[in-house]
Amino acid sequence: MAVIEYIDAIRLAMKEEMERDEEVFVLGEDVGLKGGVFTTTKGLYEQFGEQRAIDTPLAESAIAGVAIGAAMVGMKPIAEMQYSDFMFPAANQIISEAAKIRYRSNNDWSCPVVIRAPIGGGIFGGLYHSQCPESVFFGTPGLKIVAPFTAYDAKGLLKAAVRDPDPVIFFEHKKCYRMISGEVPETDYVVPIGKANVLREGTDITVIGYSLPLHFALEAAEELAKEGISAHILDLRTIQPLDRESILEAVAKTGKVLIIHEDNKTGGVGAEVAAIIAEELLFELDAPIMRLCGPDVPAMPISPPLERTFMLNKDKVKAAMHQLAIF
Amino acid sequence: MTPETSVRQQTKHEQVGLTDAQAVEMYKMMLLARKFDERGILLQRSGKITFHISGIGQETAQVASAFALDRERDYYLPYYRDYGFVLSVGLTVKDLLLASFAKAEDISSGGRQMPAHFGAKRHRIVTSSSPVTTQVPHAVGIALAAKMRKQDIVSFVTFGEGSSNQGDFHEGCNFAGVHKLPVIIMCENNQYAISVPFSKQSAGQISDRAIGYGFPGVQVDGTDPLEVYRVVKEARARAVRGEGPTLIEAMMYRIAPHSTSDNDLAYRSKEEVDLHRERDGLPRYRQYLIECGLWSEEQDAALVKELQAHINEATKYAEEAPYPQPEDTYTHVYAQSEEGRS
């Protein structure tokens, strides 16, 4: 099994899906000849031609809207939003259209579109190249939202997204692109959408999260194990629809839960996870539900000390885990 | 409009490629749309349905454009006033009324959407929403799919002139122009965006915008169905030849208020509306057919009677049809999987 980078896994998923099905194509700004501003789509233009690796005009609503139109007649478009920060002009197409097409037509029409969008900071991108917009789309039934944290999941979830009969937003963390490598099978596999994944079994505290911060939690858990603290870690993988059963199961294991994400705290995915736990498991908790998230400021500033303050890291996550363990 | 005859005694409709039978069929469809529309207003006024939005004054362009397309294979993205259009491509009065009453059998949405949010896959009428102009990029995407699959079909999309100010109009046109896609983009310029007159919406001419996107823009008298037919037919021929999109601006007037929730005399005069009622294209087209010897007052009276009976029957059916079940609220959020997950 080859060890490849997270970004390579995303590219490989697209390549394999385009080889498997000629109705799969990618479109977006700079995704063709240049191969994407991060090189995510590199080589697709050469292999599949300009008709299936389409350089579009710089207009996000059209990228999403054109993809939605093509998807409604059975194509399998993968639309790239260059940065998730620039996704908001397409929000009407995603929320008013893609999410509601099956429901509003009483199952007559469907919209199997994939929208890929790089999220997150830690790359000195400032306010408009660092955002995590999950909470904007979260809470819109009809959309599926996935957010992988490993190369394996990135490939498997993207392939599952392409094959899914409904619209899927694929939030890839740009800090993971090159920082994260992992074993990825060359065989055809999918990671099922809608299923959370236990990353680590433990008995003292439970950590629930998605995307980049899970790496911090895993590192922190290794260190805490040496101090005798055993952490159970659950990757949501799919943030919509949430895997309620796995969440409840993971919390019931320890009775103490920390929820982590880079998106800001108020109204984030973690708020809903906390509400599910409070509704179902309140009396099994041994400590108040704890959240560690991005701060409630409009977006991430660029100056190093400011960016560091906004971002989660291993030490912050470890401190929170420790605090929860000794409660 | 008069039956202009050439030296070969060709009538205007023959010149644009319509047979006598098709010319008459178009009129019947326009009248059906008009009579349905009047019934919708009546049903709302009598408290039987909650809402009706009208296309009165726009039927000529709607029906003519549908007849100029391939009604077996093309894709349509009509907007909410397009009764004449959707009736011409497969929806029935019964379908429309089932939506008006929000009944389970409503083909477009199963009683989920407001009336006039058309959609029906079997007729290639693409499901629509209420935020205006979102359908333009969809039409472009469908045209892109047709081009990728090498199909000789077109997508046809309509919207009002108010909608033409939305970003999705411009983004969609631009994309279609760059990729030379087989899409026909038709603005039904009825002079009003609810209460805002055209003079306050645009300082230019809608059809001129096509120049900026690198394809032809044509302004046409939307109350003249034969002209609309000719222009749409040409646009379709261009599209399937691979020459790209056409923007059509069909000029007309919204004779009815915006909707049954609107008092239009708050922003326009009765005199203005009456003036345009006199310019209504539907009776003018009837007169044309009579002068061609293809239609008569007697036939017209009989047709009106027949349509009323047909609409009465459909109204009764729709009114008596069952509502969706309360539990239907929860279905079709996602595809039903084999595991029973929804």
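A residue is taken as buried when its relative accessible area is under 20%. In this predicted model, A:Ile63 has a relative accessibility of 0% and therefore counts as buried. The residue belongs to helix α3 of chain A, which spans residues 60-72. Leaving aside neighbours within four places in sequence, A:Ile63 is in contact with A:Leu27, A:Gly28 and A:Glu29, with A:Thr56 and A:Pro57, and with A:Ala79, A:Glu80 and A:Met81. A:Lys159, 96 residues away from A:Ile63 in sequence, lies 20 Å from A:Ile63 in space, C-alpha to C-alpha.

In chain B, B:Ala33 is part of helix α2. Its relative accessibility is 1%, so B:Ala33 is also classed as buried. Residues up to four places away in sequence not being counted, B:Ala33 touches B:Glu59, B:Tyr83, B:Gly84 and B:Leu87. The C-alpha atoms of B:Ala33 and B:Gln62 are separated by 9.7 Å, the two residues being 29 apart along the chain.

Helix α2 of chain B, residues 20-45, is among the elements that cover the buried residues of helix α5 of chain B; α4 (83-88) and α12 (297-320) of chain B are also included in this cover. Helix α5 of chain B comprises residues 93-100, and seven of its eight residues are buried, so the helix is largely enclosed by the rest of the structure. The buried positions are B:Val93, B:Asp95, B:Leu96, B:Leu97, B:Leu98, B:Ala99 and B:Ser100. Just after this helix, B:Ala102 adopts a positive phi of about 55°.

Chain B also contains an open sheet of five strands, arranged in the order β1-β2-β3-β7-β6 with parallel pairing. Strands β1 (75-77) and β6 (217-221) of chain B are at the edges; each has a single partner strand, so one side of each lacks a neighbour in the sheet. From one strand to the next, the twist averages 20°. The pairing of β6 with β7 (residues 246-251) in chain B is parallel and extends over five bridges. Within this pair, B:Val220 is placed opposite B:Ala250 of β7.

Three cavities of 30 Å³ or more are present in the structure. The largest cavity has a volume of about 130 Å³. Its lining consists of 18 residues, and those nearest the centre of the cavity are B:Pro78, B:Tyr79, B:Ser128, B:Ser129 and B:Gln135. By class, the lining of the largest cavity comprises seven nonpolar, nine polar and two charged residues.

The second largest cavity holds about 40 Å³ of space. Among the residues that line the second largest cavity are B:Asp95, B:Leu96 and B:Ala99, which are also listed among the buried residues of α5 in chain B. Seven nonpolar, two polar and one charged residues make up the lining of the second largest cavity.

How values were computed: Residues are numbered from 1 along each chain as its sequence is written. Chains are lettered from A and ligands numbered from 1 in the order in which they are written. This is a predicted model: local features need pLDDT of at least 70, side-chain atom pairs count only at pLDDT 80 or more; totals for chains, interfaces and linings use all residues. Side-chain values use heavy atoms; hydrogens and water are left out. Two strands pair if DSSP finds at least two bridges between them. Helices (H or I, at least four residues) and strands (E, at least two) are DSSP runs, numbered from the N terminus. Axes are lines fitted to C-alpha atoms, for helices over the stretch in contact, and angles run from 0 to 180 degrees between N-to-C directions. On a 1 Å grid over the protein atoms alone, a cavity is a set of points where a 1.4 Å probe fits but cannot get out, and a pocket is an open set with protein on both sides within 12 Å along at least five of seven lines; lining residues have an atom within 4 Å of a point. Grid points are joined across faces, edges and corners, and a volume is the space filled by probe spheres set on the points. Ala, Val, Leu, Ile, Met, Phe, Trp, Tyr, Cys and Pro count as nonpolar, Asp, Glu, Lys and Arg as charged, and the others, Gly among them, as polar. Buried means under 20% relative accessible area, exposed over 50%, partly exposed in between (1.4 Å probe, protein chains only). Contact means heavy atoms within 4.5 Å.
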